[in-house]
Amino acid sequence: MSAPFPVYLPETYDDAAEVLAEHDGEARILAGGQSMAVLLRLGMAQPAGLVSLRRCPEAGTASPTPAGDALRIGARYTVADAHADLSDDFAALRSAAGQVASPHVRNLGSVVGNVCHADPANDLAAPLLCHETTATAQSVRGTRTVSLGDLLVAPYAPALDPDEYVVDLVVAPRTGWHGAYRKQVWRSADHPVAGVAAVLDVRDGVVADARVALSATVAVACLLDDVAAALRGVAADAAPAVAREAAADALAGLALLGDHDVPASYRRKVAAVLVGDAVADALTTGGGSHR
């Protein structure tokens with residue numbers, strides 16, 4: 001049975017952008033394909049064509065940027081590869097990648113596609129925010145760099161023009177920092193009801209700097225700057241409790257997701273606990289070094 005739309009196999013990112021332009025932004029990029037398969041099956045996507053990046057050689061790789069100060073993750077680099085290959089400089093992202101859905105999804109799904117789907121329950125957005133990630137968006141007009149916080153502005157609607165797509169993510173390392181990701185789910189392959197990433201720079205037993213991010217509990221993943229501020233200057237052994245208390249205050253001021261099955265009040269309590277747990281995990285198992 002043939003597809004009800006054409007499938008294109010460009011060999012370069014430029015060629016892929018040309019196809020999107022020819023279809024006036026009505027074609028869709030296919031990276032790992034996990035999210036697209038679901039949308040097609042449910043009739044929630046009716047593209048004029050699919051543009052597969054399978055033949056673009058750089059799409060399936062992760063490599064240092066030319067300056068050597070960050071990691072470039074190509075559009076087809078899989079979640080499983082991120083879990084297997086990333087170093088301690090990206091401990092929180094590596095931790096989250098190992099917890100995404102099921103082995104099948106991790107083996108086929110891409111990091112970039114996972115993020116650009118902009119599902120509120122995305123596991124990877126929170127750690128990527130902690131790593132000051134930027135995205136490279138490409139169209140026939142060229143490329144532009146956008147911060148992850150500016151890309152993820154609404155559920156399932158990344159801030160891209162119709163003829164743009166993300167060719168890579170550029171992720172800043174946290175060399176010597178500790179990092180971890182924790183989430184709460186009903187069953188092992190379910191979407192999380194709350195997810196928290198934490199990265200900490202510990203020097204002489206004191207938290208010198210920190211970044212903490214939240215997902216699933218909110219419509220769009222966000223940094224918890226007040227929690228990070230509360231952690232700075234705190235003794236490492238007291239950090240989990242301080243983080244948990246600061247998170248409870250910070251969450252009280254956020255608009256949280258909720259429904260009959262998982263009310264916002266439950267998510268708020270779970271998220272506060274997870275913040276403390278993520279900080280504790282980062283300090284004990286999340287790479288890094290006490291300097």
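User: Why is D14 called exposed?

Analyst: The relative accessibility of D14 is 52%. Exposed means over 50% relative accessible area, buried under 20%, and partly exposed in between (1.4 Å probe, protein chains only). D14 therefore counts as exposed. The residue sits in helix α1 (residues 13-22), where a helix is a DSSP run of H or I with at least four residues, and a strand is a run of E with at least two.

User: What kind of model is this, and how are residues numbered?

Analyst: This is a predicted model, in which local features need pLDDT of at least 70, side-chain atom pairs count only at pLDDT 80 or more, and totals for chains, interfaces and linings use all residues. Residues are numbered from 1 along each chain as its sequence is written, and side-chain values use heavy atoms, with hydrogens and water left out.

User: Why is E164 called buried?

Analyst: E164 has a relative accessible area of 8%, so E164 is buried. E164 lies in the loop between α8 (148-151) and β8 (165-171).

User: What makes the pair E164 and R144 a polar contact?

Analyst: Their side chains are joined at 2.7 Å. A polar contact is a pair of N or O atoms within 3.5 Å; within protein, one must be able to donate a hydrogen and the other to accept it, and residues adjacent in sequence count only if both atoms are side-chain atoms. The E164 side chain also reaches the backbone nitrogen of D161, at 2.8 Å.

User: Is N122 buried or exposed?

Analyst: N122 has a relative accessible area of 5%, so N122 is buried. It is in the loop between α6 (111-116) and α7 (125-130), and its side chain reaches the backbone nitrogen of A125 at 3.1 Å.
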